[in-house]
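Q: Can we go through the cavities in this one? Keep it quick.

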Amino acid sequence: MTAVRRPLPVLLAWVVVAALALSAWGPRDRTTWFLETVWVLAGLPLLVLTRRRFPLTDLLYVLLAVHALVLIVGGHYTYAQVPLGDWVRDTFALDRNPYDRFGHLMQGFVPAVLVRELLSRTSPLPGSRWLAPLTVCACLAFSAVFEMLEWAAAVIGGQAADAFLATQGDVWDTQWDMFCALIGATVSVLVLSRLHDRQLDGPPLTSPCSDAGSTAEARTSTAGTRPRLP
């Protein structure tokens, strides 16, 4: 049997590649562009290389593509100067461009589904009450690590890192960023878990090849065999 054709991940990959190429043309700050899009530059090839051995659900592919676009736009304009964020700021009389806050909400919202999928397919946690809190904790931990990376960039780059930090004069920006990631992860788990479970428990993401019927590979490509705790 041959692998099931899934055009959606391919289409999403091309959309992200096109957006990445456009964003690289004349960004406001080349260093900021690289620092913000490095996750896309590293993650996209990884997803392509693992698409057959460990394919993801369509829900996760869509969310990862949307998150990539958020990062790409923030990298091109810098988070403090995204035009859409300026419009929201002026329309609602806010004291800052809110695109950075939105980016950190996404930093929790999307990784929550990624963590949940990895734990559901590679651990005995599906069905356990620990799955949701551990997913949220993992996202908050990632957000904290990201803030440490921003701290390192500030120490190394000095004022040159201001565009990357996008603090916009807020001394509590680090705490707000982690709080937004926490809110995003929590909302994601509450809103998307049922839909995510339906995709995980649905038909196999790929059909097993005739010469590759190992039990381990079948577990990663067949969601219906997810282990569950009582």
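A: Terms first. On a 1 Å grid over the protein atoms alone, a cavity is a set of points where a 1.4 Å probe fits but cannot get out, and lining residues have an atom within 4 Å of a point. Points join across faces, edges and corners, and a volume is the space filled by probe spheres set on them. This is a predicted model: local features need pLDDT of at least 70, side-chain atom pairs 80 or more, while totals for chains, interfaces and linings use all residues. Numbering runs from 1 along each chain as its sequence is written, and side-chain values use heavy atoms, without hydrogens or water.

Q: How many cavities of 30 Å³ or more does the structure hold?
A: It holds 1. The largest cavity has about 40 Å³ of space.

Q: Which residues line the largest cavity?
A: Ala112, Val113, Arg116, Ser188, Val189, Leu192, Ser193 and His196.

Q: Which helix gives the most to that lining?
A: α8, with 5 residues. α5 (99–122) and α8 (173–200) each supply at least two. Helices here are DSSP runs (H or I, at least four residues), numbered from the N terminus.

Q: Is α5 largely enclosed or open?
A: Largely enclosed, because 17 of its 24 residues are buried. Buried means under 20% relative accessible area (1.4 Å probe, protein chains only).

Q: New topic. Where does Arg96 lie?
A: In the loop between α4 (83–91) and α5. At 9% relative accessibility, Arg96 counts as buried.

Q: What does the Arg96 side chain make a polar contact with?
A: The side chain of Asp173, at 3.4 Å. A polar contact is a pair of N or O atoms within 3.5 Å; within protein, one must be able to donate a hydrogen and the other to accept it, and residues adjacent in sequence count only if both atoms are side-chain atoms.

Methods. On a 1 Å grid over the protein atoms alone, a cavity is a set of points where a 1.4 Å probe fits but cannot get out, and a pocket is an open set with protein on both sides within 12 Å along at least five of seven lines; lining residues have an atom within 4 Å of a point. Buried means under 20% relative accessible area, exposed over 50%, partly exposed in between (1.4 Å probe, protein chains only).
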